Structures are given as C-alpha cells and as structure tokens.
Amino acid sequence: MSLPNKKQAERPAVTENQLRYIQEIAKDIQYGTITLVFQDGILVQVDRYEKKRIPREQDH
C-alpha cells in the first residue's frame with residue numbers, strides 16, 4: 001500500500017454529490033448490487049446490477 005500523494009490528499013475519496021448519487025441508486029434498487037470502483041483512492045465508477053424478477057405463469 002502506498003502513501004497518498006499531495007493531489008490525492010486534497011481530494012476526498014467520495015464527494016458529497018457522489019454520495020447523493022449512490023443514495024438515489026440505493027433507493028430505487030429492489031434486488032441487486034451496487035459496486036464502487038476506486039482508482040488511486042478516488043471513486044471513478046459506480047456499477048449497478050439489478051435483478052428483475054419475472055412472475056411465473058400458472059399452467060392453465
């Protein structure tokens with residue numbers, strides 16, 4: 001693990017806007033996952049994987 005450089009120390013890993021974005025995604029997702037991807041200690045990507053449950057048809 002390396003020590004953060006000056007540029008990294010000035011910027012938070014996750015900004016307030018990014019946190020709000022993640023919270024909005026979390027509100028809407030019913031079944032699934034949210035994956036946060038970091039590069040050099042900074043959030044660079046948010047992946048949302050959602051499962052959609054399809055109701056099983058009844059045999060007639």
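Among contacts in the chain between residues at least 6 apart in sequence, what percentage join residues at least 24 apart? The figure is 24%. The views below come from a predicted model.

**View 1. Overall fold of the chain.** The secondary structure consists of 2 helices and 2 strands. Along the sequence these elements are arranged in the pattern α-α-β-β. The chain has 60 residues, of which 10% count as buried.

View 2. Asp 47 lies in strand S2, which covers residues 42-50. The residue is buried and forms no salt bridge. Its nearest side chain of opposite charge belongs to Arg 48, at a distance of 11 Å. A salt bridge would require a side-chain nitrogen of Lys or Arg within 4 Å of a carboxyl oxygen of Asp or Glu.

**View 3. Polar and other contacts of Asp 47.** The side chain of Asp 47 makes a polar contact with the side chain of Gln 45, at 2.8 Å. With residues up to four places away in sequence left out, Asp 47 touches Thr 33, Ile 34, Thr 35 and Val 37.

**View 4. Arg 53 over the ring of Tyr 31.** The charged end of Arg 53 is placed over the Tyr 31 ring, 4.5 Å from the ring centre. As for pairing between aromatic rings, the structure contains 0 aromatic pairs. A pair of this kind would be described by the distance of the centres and the angle of the planes.

Key. Residues numbered from 1 in each chain as written. Predicted model: local features only at pLDDT ≥ 70, side-chain atom pairs only at ≥ 80, totals over all residues. Heavy atoms only, no water. Helix = DSSP H or I, 4+ residues; strand = E, 2+ residues; numbered from the N terminus. Buried < 20%, exposed > 50% of the residue type's maximum accessible area, 1.4 Å probe, protein only. Lys, Arg positive; Asp, Glu negative; His and termini not counted. Polar contact = N/O pair within 3.5 Å; in protein donor to acceptor, adjacent residues only side chain to side chain. Contact = heavy atoms within 4.5 Å. Phe/Tyr/Trp six-rings, centres within 6.5 Å; stacked < 30°, edge-to-face > 60°. Lys NZ or Arg CZ within 6 Å of the ring centre and 35° of its normal.
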